[in-house]
Amino acid sequence: MKAATARFLDEHRSEFAAVSKAIWENPELGHREFYASSLLTDLLAKFGFAVNQGTAGMETAFTAVYDSGKEGPVLGYLSEYDALPGLGHACGHNLIGVASAAAAIALREAIDAYGGKAVVFGTPAEETNGAKVTMAEQGLFDQVDAVMMVHPLSHYERSGSSMAMEALQFDYFGKAAHAAANPEDGINALDAVIQLFNGVNALRQQLPDGVRVHGIISNGGEAPNIIPDFAQAKFYVRAANKRTLQDMVDKVKRCADAAALSAGCRIQVSNYELSYDDMRTNSVLSQQFTDNLIQLGVKPDDVKEGQPGGSIDLGNVSYRTAAIHPYIQIADCPFALHTPEFRAAAGSERGMDAMILGAKALAWTGCDLLEDRTLLQRVRDEFQHFSSPRHI
């Protein structure tokens, strides 16, 4: 079955690469990926998937299901396809989107043989307001046994962890006045923002290892001769897990309240983006994917251990079902993500070859779960263990 799956992907390489290249040549920002979403859903429909668009109330989200009609595992493949502002596909989401779709398509024969279904989740806006958060909250992954995706990188890397993150916005309201004629009549909202930054900077010496707090002044007033009656700051607060994150968020909010009190301002706190949970890799599923990558010709020493990264919306999914987020090498030079060099690699023939390799490893891992119900149970058992209240 695995050999047939690999042959299928090789035989259809040009078709899958053409879709990926078209997405790469027409980058779209999060929740505006109408062209990419259309290409992917057309591709999946062509190969017999039942497609539903507008998933979870998002226009460019979709689900595509191939159902054997027989009892068996439900396997999810996560498709991303949004680009970066000004940089296009410098994170390689054109490869991610097609690799997941291609893997699920290649798995059809195994699904027909062993039962179950494959679901491709089209997940917009990973770079900003990640759709996977909304999908997870609406329970879309609760009946899925495992979800998988591969992300391009300059080297091979096991699925690792990511940081829980909360996006905080602080709006300060003061009172305008002429900064030279009657400054005493004003209440300076910008002073409150500056005090917030000073408070956070003083807090840093008490932050535990792995915590990150970084922000910008998104509105600092209109003119230097007017006491600003409004100022705004935006922060990301990140930590290794949700429990630590909440403690850090509370501390940053206290800094914000103190700044408002100091300046005599009114404060309003909100979230300007969805909050991301930390990524909890399912080690059984991750090892199976890595074993398949090695069987496909990757040298074991070339697969690096997963390193803690930034924050990804797959973290929220990993609290709902078993999940992995490994990395596939698309370039022979150490290009960093979100750079013009990485964008070029994501559109190259080398990148397309890596995409097909990643799709093979994803499909083979799906074959293993369909064929070996003992393996599937081990994946489920690990997820259940870490989903117990003492681990959350």
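Me: What is a salt bridge here, and how many are there by this rule?
Reply: A salt bridge is a side-chain nitrogen of Lys or Arg within 4 Å of a carboxyl oxygen of Asp or Glu. This is a predicted model: local features need pLDDT of at least 70, side-chain atom pairs count only at pLDDT 80 or more, and totals for chains, interfaces and linings use all residues. Residues are numbered from 1 along each chain as its sequence is written, and side-chain values use heavy atoms, with hydrogens and water left out. By the salt-bridge rule, the count is 14.

Me: Which residue forms a salt bridge with Lys132?
Reply: Lys132 sits in helix α6 (residues 131-137); helices are DSSP runs of H or I, at least four residues, and strands are runs of E, at least two, numbered from the N terminus. Its partner lies in the loop between β3 (74-79) and α4 (93-106), 52 residues apart from Lys132. The closest N and O atoms are 2.7 Å apart, and the partner is Glu80.

Me: Is Lys132 buried or exposed?
Reply: Buried means under 20% relative accessible area, exposed over 50%, partly exposed in between (1.4 Å probe, protein chains only). Lys132 has 0% relative accessibility, so Lys132 counts as buried.

Me: How many residues apart in sequence are the parts that Arg320 and Asp142 tie together?
Reply: The side chains of Arg320 and Asp142 meet in a salt bridge, 3.3 Å from N to O. Arg320 lies in the loop between α10 (314-318) and β13 (322-323), and Asp142 in the loop between α6 and β5 (146-148), so the parts tied together are apart in sequence by 178 residues.

Me: Which helix holds both Lys251 and Asp247?
Reply: Lys251 forms a salt bridge with Asp247, with the closest N and O atoms 3.9 Å apart. The two lie 4 residues apart, about one turn of the helix, in α8.
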